[in-house]
Structures are given as C-alpha cells and as structure tokens.
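Let's take a walk through a protein model together. Have a look at the sequence and the structure, and then we will go from one spot to the next.

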Amino acid sequence: MIELSAQDIAFVRSLLIHEDAHVLGFNKPAGLAVQGGSGTTRHIDQMLEVMRDAKGQKPRLVHRIDKETSGCLLVAKTRFAATHLTGAFRHRSARKIYWALVAGVPKPK
C-alpha cells in the first residue's frame with residue numbers, strides 16, 4: 001500500500017462531490033492524471049488508497065479523463081458496480097457530455 005501525505009489525503013477528499021453505496025463522484029481538476037504512467041507520480045488511482053472500505057477494498061476506476069481535462073470522474077466502490085459501469089462505458093450506454101469555455105467567438109475554418 002502506498003503512503004500518502006496528509007495534504008494528498010485532504011486533497012482527494014476535497015474532490016469528492018458524490019458518494020452512495022455504489023459509486024464515488026470526483027471533480028477531477030485539469031492537470032491531475034487519473035492513472036500513473038511514465039513520469040507520473042501523483043494521480044487519482046494512487047490517491048484512492050485512502051478510500052478503502054471496511055473490508056480493505058480499494059475503489060475501482062471505470063473510465064478515464066485526460067490529464068489536462070477537468071470533469072466528473074465516476075469510481076466504483078464495489079466489484080458489482082465496477083462491472084456494470086465498465087460495461088456501460090464500453091457499450092456507450094453511459095453518455096458523456098463535453099463542454100468548453102472559450103473567450104470570444106470561434107472562427108471555424
């Protein structure tokens with residue numbers, strides 16, 4: 001298990017915008033990776049260590065958002081929820097909506 005700083009623990013908890021028996025919803029900021037990779041040492045998946053349940057099960061990622069994109073990230077709390085949510089994203093029955101804020105009026109080519 002990875003040791004997190006008190007600052008990282010407080011940070012990941014501050015991102016939590018929804019919790020029920022099955023899922024956690026996080027407000028992922030731009031600049032924070034969802035998963036680790038080459039040279040990535042701080043990411044949501046690592047921080048989920050502090051969200052383990054009473055049985056010691058760590059919440060499971062069911063989709064990703066690009067590092068430089070902010071948005072709502074759903075995380076399954078149970079194996080059952082992970083199976084259903086992963087399937088919903090894979091089969092595109094879960095709908096994602098992307099919004100963009102722009103300064104001025106875009107001029108399409």
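The side chain of Asp-8 makes a polar contact with the side chain of Arg-42, at 2.9 Å. Keep in mind that this is a predicted model. You can find Asp-8 in helix 1. Is this residue buried or exposed? Asp-8 counts as buried because its relative accessible area is 15%, and the cut-off for buried is under 20%. Leaving aside residues up to four places away in sequence, Asp-8 touches Arg-42 and Met-47.

Now turn to the strands. Strand 1 covers residues 16-19 and runs antiparallel to strand 2, with three bridges joining the two. A hairpin of three residues leads from strand 1 to strand 2. Across this pair, His-18 stands opposite Gly-25 in strand 2.

In soluble globular proteins, nonpolar side chains tend to be buried together. Here the largest nonpolar core has 15 residues, and the members that touch the most others are Phe-26, Ile-44, Leu-48, Leu-61, Leu-73 and Val-75. Which elements each supply at least two residues of this core? They are helix 1 (6-15), strand 2 (23-28), helix 2 (44-47) and strand 4 (71-76).

Let's pick out Leu-73. Not counting residues up to four places away in sequence, Leu-73 touches Leu-24, Gly-25, Phe-26, Val-34, Ile-44, Leu-61, His-63, Arg-64 and Ile-65. There is also a second, separate core of seven residues, among them Val-62, Ala-76, Ala-81 and Ala-82.

Methods: Residues are numbered from 1 along each chain as its sequence is written. This is a predicted model: local features need pLDDT of at least 70, side-chain atom pairs count only at pLDDT 80 or more; totals for chains, interfaces and linings use all residues. Side-chain values use heavy atoms; hydrogens and water are left out. A nonpolar core is a set of buried Ala, Val, Leu, Ile, Met, Phe, Trp, Tyr and Cys residues joined through side-chain atoms within 4.5 Å. Buried means under 20% relative accessible area, exposed over 50%, partly exposed in between (1.4 Å probe, protein chains only). Helices (H or I, at least four residues) and strands (E, at least two) are DSSP runs, numbered from the N terminus. Contact means heavy atoms within 4.5 Å. A polar contact is a pair of N or O atoms within 3.5 Å; within protein, one must be able to donate a hydrogen and the other to accept it, and residues adjacent in sequence count only if both atoms are side-chain atoms. Two strands pair if DSSP finds at least two bridges between them.
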